[in-house]
Every structure is written in C-alpha cells, then in structure tokens.
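Please work through each task before reading its solution.

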Amino acid sequence: AFRPDLAKSLNNLANLLSDLGKREEALEPAQEATDICRRLAAARPDAFRPDLARSLNNLANRLGDLSRREEALEAAKEAADIYRDLAAARPDVFRPELAASLNNLAGHLSNLGKHDEALEAAQEAADIYRDLAAAWPDVFRPDLVDSFNNLAILLSSLGRDEEAERARQEAKELGEE
C-alpha cells in the first residue's frame, strides 16, 4: 500500500540531493524509486506506468548529472516510449507529459552528439506544446517558449542558423504575449 508513496519520496530525495550538488548521493534513491515503480508497473500497468515513466525521467537526469550519458539516454528513451503509449490511449491526460519527456530525451540525445535525433524529439515536443497552447495558452505557453528555445539551440548546433533565429524569434514573440 505504501510503496508508491515511498517511490515518490525517493524521487523527491534524489532531486533535493541533486539540487544541493550531491549528485553521487542522488543516484541511489532515484534508482531505488525506479526499481519500485518497475515492480509496481509489472503488477498493475494501468495504475503505475505513469509513475514508472516519471521515475525513469528522473533517473535519466541523475545519470546525466554524473556524465553516464548512455545509461541516461536509455532511461529517457524508455520514459518517452511509455508516455507515447499512454498518450495514444489518453491524449488529454498524457500529451503534456509526453512533450516534457521528449524535451528531456532531446537533451540526452544532444549530450551524446546525436543532434539530428535530438532535433526530431524536440520538434515533436514543440508540436505537441503548440497544440496544447492553442487550447490552453495560459497553461502551456511557457512550455512552448521553452520548446522553441530548445529548438533554436539544436538548430544552431546543426549549423541551421536561419531556422534557429526563426525559432528564437518565435520564442521571444510568444514570451511577450
């Protein structure tokens, strides 16, 4: 009954440790939370796959903090795959989480020099946020701005400077609305 709450507390602990610069110490609770969520999701996927995806994203970020980039990418990919499945079944609930997970995946891909794949994930996230911001601008416009800034960075890294400038300009205009 209390394992889901334990996993949430472990993820919170991992994030707090990371925020305090204790990145090595943050990995253990993030891994433990993911292990708990994986067992819960195996037993009751409908109830706990979202928790597993959240834990995987957190684990990816903690691994990334330690420059364990390949492992971080695998966790981020798994999280995005889970959210993609969840969003296909319940888009109103899980599309925002899918977009956030895709942005996270894009960052981990970029860290490994996989800029084309990173751009694809970031573009998909921006497309989702554009749809969400059209329906709920007050809620999702900041996420859309962040997505365009991510796109600008990735486009610049690929030498696509004109497109990067358009993405920066769009982010600026959205931020001023």
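A polar contact is a pair of N or O atoms within 3.5 Å; within protein, one atom must be able to donate a hydrogen and the other to accept it, and residues adjacent in sequence count only if both atoms are side-chain atoms. The model is predicted, so that local features need pLDDT of at least 70 and side-chain atom pairs count only at pLDDT 80 or more, while totals for chains, interfaces and linings use all residues. Residues are numbered from 1 along each chain as its sequence is written, and side-chain values use heavy atoms, with hydrogens and water left out.

**Exercise 1.** Determine which side chains are joined to that of Asn57 by polar contacts, and state whether Asn57 is buried or exposed.

*Solution.* 
1. Asn57 is located in helix H3; helices are DSSP runs of H or I with at least four residues, strands are runs of E with at least two, and both are numbered from the N terminus.
2. The side chains of Asn57 and Asn104 form a polar contact of 2.8 Å. A further polar contact, of 3.2 Å, links the side chain of Asn57 to that of Ser101.
3. Asn57 counts as buried because its relative accessibility is 12% (buried is under 20% relative accessible area, exposed over 50%, partly exposed in between, with a 1.4 Å probe and protein chains only).
4. Not counting residues up to four places away in sequence, Asn57 touches Ala76, Ala79, Tyr83, Ser101 and Asn104, where contact means heavy atoms within 4.5 Å.

**Exercise 2.** Describe the surroundings of Asn104.

*Solution.* 
1. Asn104 belongs to helix H5, residues 91–111.
2. With a relative accessibility of 15%, Asn104 counts as buried.
3. Once neighbours within four places in sequence are set aside, Asn104 is in contact with Asn57, Ala60, Asn61 and Ala76.

**Exercise 3.** Characterise the packing of H1 against H3.

*Solution.* 
1. Helix H1 (residues 3–19) and helix H3 (residues 45–65) have axes 11 Å apart and pack at an angle of about 20 degrees. Axes are lines fitted to C-alpha atoms, for helices over the stretch in contact, and angles run from 0 to 180 degrees between N-to-C directions.
2. H1 is therefore roughly parallel to H3 (angles under 35 degrees count as roughly parallel, over 145 as roughly antiparallel, 65 to 115 as roughly perpendicular and the rest as oblique).
3. The crossing of H1 with H3 is left-handed, that is, the near helix is turned anticlockwise from the far one by less than a right angle; clockwise would be right-handed.
4. From H1, the contact involves Pro4, Lys8, Asn11, Ala14, Asn15 and Ser18; from H3, Phe48, Asp51, Ser55, Asn58, Arg62 and Asp65.
5. These residues comprise three nonpolar, five polar and four charged. Here Ala, Val, Leu, Ile, Met, Phe, Trp, Tyr, Cys and Pro count as nonpolar, Asp, Glu, Lys and Arg as charged, and the others, Gly among them, as polar.

**Exercise 4.** Carry out the corresponding analysis for H5 and H7.

*Solution.* 
1. The axes of H5 and helix H7 (residues 137–157) cross at roughly 20 degrees and come within 12 Å.
2. H5 and H7 are therefore roughly parallel to each other, and their crossing is left-handed.
3. Pro96, Asn103, Ala106 and Ser110 of H5 meet Phe140, Ser147, Asn150 and Leu154 of H7.
4. This contact contains four nonpolar, four polar and no charged residues.
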